[in-house]
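Me: Could you take a close look at how the chains sit against each other here? I'd like a connected walk through the contact surfaces, please.

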Amino acid sequence: MDKIIENNVNDIVDTILKDYTHDRSIDKMKLFTQPDRFVIIKIIDNLMKIMYPGYFRDTSHKIYIMENSTRVLIEDTLFRLNKQIELALKYSPNYENADDCELHVEAQRLTVDFFHTLPKVRALLETDLQAAFDGDPAAYSKEEVILSYPGLQAITINRLAHELFLLNVPLIPRIMTEYAHSTTGIDIHPGATIGEYFFIDHGTGIVVGETTTIGNNVKIYQGVTLGALSTRGGQKLQGKKRHPTIGDNVTIYAGASILGGDSIIGENCVIGSNVFITTSIPAGTKVNIKNQELKYHQGKKTVNEPVDPDETWFYII
Amino acid sequence: MDKIIENNVNDIVDTILKDYTHDRSIDKMKLFTQPDRFVIIKIIDNLMKIMYPGYFRDTSHKIYIMENSTRVLIEDTLFRLNKQIELALKYSPNYENADDCELHVEAQRLTVDFFHTLPKVRALLETDLQAAFDGDPAAYSKEEVILSYPGLQAITINRLAHELFLLNVPLIPRIMTEYAHSTTGIDIHPGATIGEYFFIDHGTGIVVGETTTIGNNVKIYQGVTLGALSTRGGQKLQGKKRHPTIGDNVTIYAGASILGGDSIIGENCVIGSNVFITTSIPAGTKVNIKNQELKYHQGKKTVNEPVDPDETWFYII
Amino acid sequence: MDKIIENNVNDIVDTILKDYTHDRSIDKMKLFTQPDRFVIIKIIDNLMKIMYPGYFRDTSHKIYIMENSTRVLIEDTLFRLNKQIELALKYSPNYENADDCELHVEAQRLTVDFFHTLPKVRALLETDLQAAFDGDPAAYSKEEVILSYPGLQAITINRLAHELFLLNVPLIPRIMTEYAHSTTGIDIHPGATIGEYFFIDHGTGIVVGETTTIGNNVKIYQGVTLGALSTRGGQKLQGKKRHPTIGDNVTIYAGASILGGDSIIGENCVIGSNVFITTSIPAGTKVNIKNQELKYHQGKKTVNEPVDPDETWFYII
């Protein structure tokens, strides 16, 4: 009785190996033929160090001259990203008929193209940093924003992933933004187009869909959804404009939902907390929900309405 | 003045060691007598590799023959899980009078029983994968879903934890699902019973309670709560059916709450965003909130109602 | 064509290094002059082991005598935290004119002062643990709460960060609480003042602002915001009381928002799900939203109102 596991190991292994032979999607296991999520997370770490060189450092070796360590960091990132892109291209309909040699060359070209976008991305991130510091009275310094704000982390990873998305690299952009989603609770699809000076406060629960367009100087708070309307269309809707367009200088407060590809929020609008919008709003409009009607009970009495003393008050837990 | 810490180390250590002698719950420290959260996270990583063998790999060594590495992986997982279960069983009221030898045998039996459920779990996960791909126009490939979707990650860990829950293993199932909660924002109790073709989109903020039952082909979106109603009953409610029952082919949109153990949502229902339900809904019903009444202001004018020009408009930040 | 990356490495490196010379905030890179986020995460791990010595252990070496390993752990944490505080003090307006020697001494003093608060913090955590176990029918044991509940993890890190905040240590407290935010979805500013027996259930999406005050025996659920009201005041509001005051024995259910520095929720209040409050509430009051008016459709018929049979029903995705 003491060797139950030992006696069952071979049976268990055989059962599981046999379970891999059903030819389902989960059974595909061509070795080393797809991007590796953990390598992509390492690439994100590297890119954070390249974006903010004085803030995130490699502490595994002593650095005297930043230039030297930056050279090594960039080379390492080029090498890893190139390899992952080459693996990812096999999932692109654009390269269905390409041979391995063509993919090899194309992956290198895309990797180099991506790196040439980095100064543009860094210029945008400087505006995001400024917007976060200016917009939040709880921000004591810009260093605090860079080292701790989830909103800046999410938009950094999103802006990088968006460049790969624009280069039509499959899989990797989404793996990157879902990693940001995992660490910040902020779910921005890499396809979304976002202007400069973008500020996300708190951020948990934010969803920004693939075909969303956001102007300059926009602020959004926790729980905001920029989403799609659907009648269970599923895959048939792929590629269509399904998500809203947000103008410059718009603020969208916590819990608001703006939905649909035809919804355009004009410049300088302010969308209040918990507002639910499926249409366009003209420029310069403030939108709020009407004052919520509340019930107040004190013991068996009520303040503002007749009340059934036997009414049960329930609460969600 | 330069050696403040050095001069205070012994005093600090003594103060903290003394603080451990108050016999409170936080002071319990019988060595190696309880499950280790970090080992359980390692077990989850292993199980992800066993569930999706071609997608999550051990990159620490070169693999030529998948079968060989799978054998090692399964043996390692059996060994670790067995040890953690043996530690956890001491917390089960079912084994209060068992001696160490009985626990040793029982842990092995439960470990083997758990592994025999894996093909059944994998068959369910294939349906979840299909549901996610079919339901989301932003999904470009099934590989993208496996490698990046938090919903599939959460349901994978939940289905595994649920099998351990059904075997009455204490502690470990909840540590597993709270790890999924931490990485995905999706909080599903391991006790919840969930049918095939289950799809979670976005997912942040979802809460599914312990005694929830969910049918086949159900979709839920971010911020949905399948929760309990309570009058601060606390521990007295343990084990009672407190959470709703959801029929087949039901869709529950973002932010909806369905509450209470007597609430049954019939087959083919559609529950709209932000709906708050504490009763049953007959099969085939669509439920929406009535159109929200909104206030629109432009400068000092309003579009749809008389307005006090001195009214202050506040926003949550 | 085969060496595209090799041929472009130097150009890419030069472009990025040149991009670092624009003298923007993101270009600051004085070596080793600011706190390191990853070291602070290591310090948090150590502090979790010091707070709950029997629950989170260093598994990298065998432990026979807990006292010995605790001594090493405390020394390591003192050393690391002291170094990070010394780096952080340069960001404090209080030490603008201090020389390196003064900072060196001050950092040691603050480190020692922080460690002397740990028994007080542990006493509070024991009350939080008790509140979580008493309040949640899904909690099977206190061990389960310590090993898996995100609410206890968040309040533990928050109480530690709050002590550093009270000592006016810059940067580090916020990095600590944003780490907790990342792993739990619970965003509590280190400035918030929180009484004993504090219980957070589920927790994802909770936001508690910097100047919030919370009494004893308070429970809050997922998605609760204790936030500020603003008219885009930004940095001008720094340091002002902007967030609410919550009395003893108050329960705040999922999705409720309580906003503004003048809002005081009296003792023994119960705030229902999704309530939105910007004023004070007298002690002993229960506040709920009025019953939501819902639309029910079955095929082309409705149950409770006339309906346009051609009306399109949309859903957010």
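Reply: Let's start with the area that gets covered up: chain C and chain B bury about 7,400 Å² between them, and carbon and sulfur atoms give 60% of that. Keep in mind that this is a predicted model. As for the reason to begin with area, the size of an interface is often given as the accessible area lost when the parts come together.

Who takes part in this contact? Chain C brings 87 residues to it, while chain B brings 80 residues. Between these two chains there are six salt bridges. One to look up in the viewer links B:Asp14 and C:Arg71, whose closest N and O atoms lie 3.4 Å apart. The rule also finds 24 residue pairs in polar contact across the interface of chain C and chain B, counting pairs with both residues at pLDDT 80 or more. On the side of chain C that touches chain B, the largest share comes from helix α5 (residues 118-135) of chain C, with nine residues. Sort that side of chain C by class and you get 39 nonpolar, 30 polar and 18 charged residues.

Strand β15 (residues 285-289) of chain B runs antiparallel to strand β16 (residues 294-298) of chain C, and five bridges join them.

The copies use different surfaces, though: 15% of the contact residues of chain C recur in chain B.

Next, hop over to chain B and chain A. Here about 7,500 Å² is buried between the two, 60% of it on carbon and sulfur atoms. Chain B puts 86 residues into the contact and chain A puts in 81 residues. The rule finds six salt bridges across this interface. Among them is the one between A:Asp27 and B:Arg122, with the closest N and O atoms 2.9 Å apart. For polar contacts, the count between chain B and chain A is 23 residue pairs, both residues being at pLDDT 80 or more. Helix α5 (residues 118-135) of chain B supplies nine residues, the largest share of the side of chain B that touches chain A. That side of chain B splits into 39 nonpolar, 29 polar and 18 charged residues.

Look for strands here as well: β15 (residues 285-289) of chain A pairs with β16 (residues 294-298) of chain B in the antiparallel sense, over five bridges. Within this pairing, A:Asn288 stands opposite B:Lys295 in β16(B).

Chain B can be laid on chain A by a turn of 120° and a shift of 0.0 Å along the axis, with an RMSD of 0.0 Å. The two copies are therefore related as by a three-fold rotation axis. And why do we say that the copies meet through different surfaces? Because only 16% of the interface residues of chain B are also interface residues in chain A.

Key:
Residues numbered from 1 in each chain as written. Chains lettered and ligands numbered in written order. Predicted model: local features only at pLDDT ≥ 70, side-chain atom pairs only at ≥ 80, totals over all residues. Heavy atoms only, no water. Least-squares fit on C-alpha atoms with pLDDT ≥ 70 in both. Contact = heavy atoms within 4.5 Å. Buried area = accessible area lost by both parts, 1.4 Å probe. Salt bridge = Lys/Arg side-chain N within 4 Å of Asp/Glu carboxyl O. Polar contact = N/O pair within 3.5 Å; in protein donor to acceptor, adjacent residues only side chain to side chain. Helix = DSSP H or I, 4+ residues; strand = E, 2+ residues; numbered from the N terminus. Nonpolar A, V, L, I, M, F, W, Y, C, P; charged D, E, K, R; others polar. Pairing = 2+ DSSP bridges.
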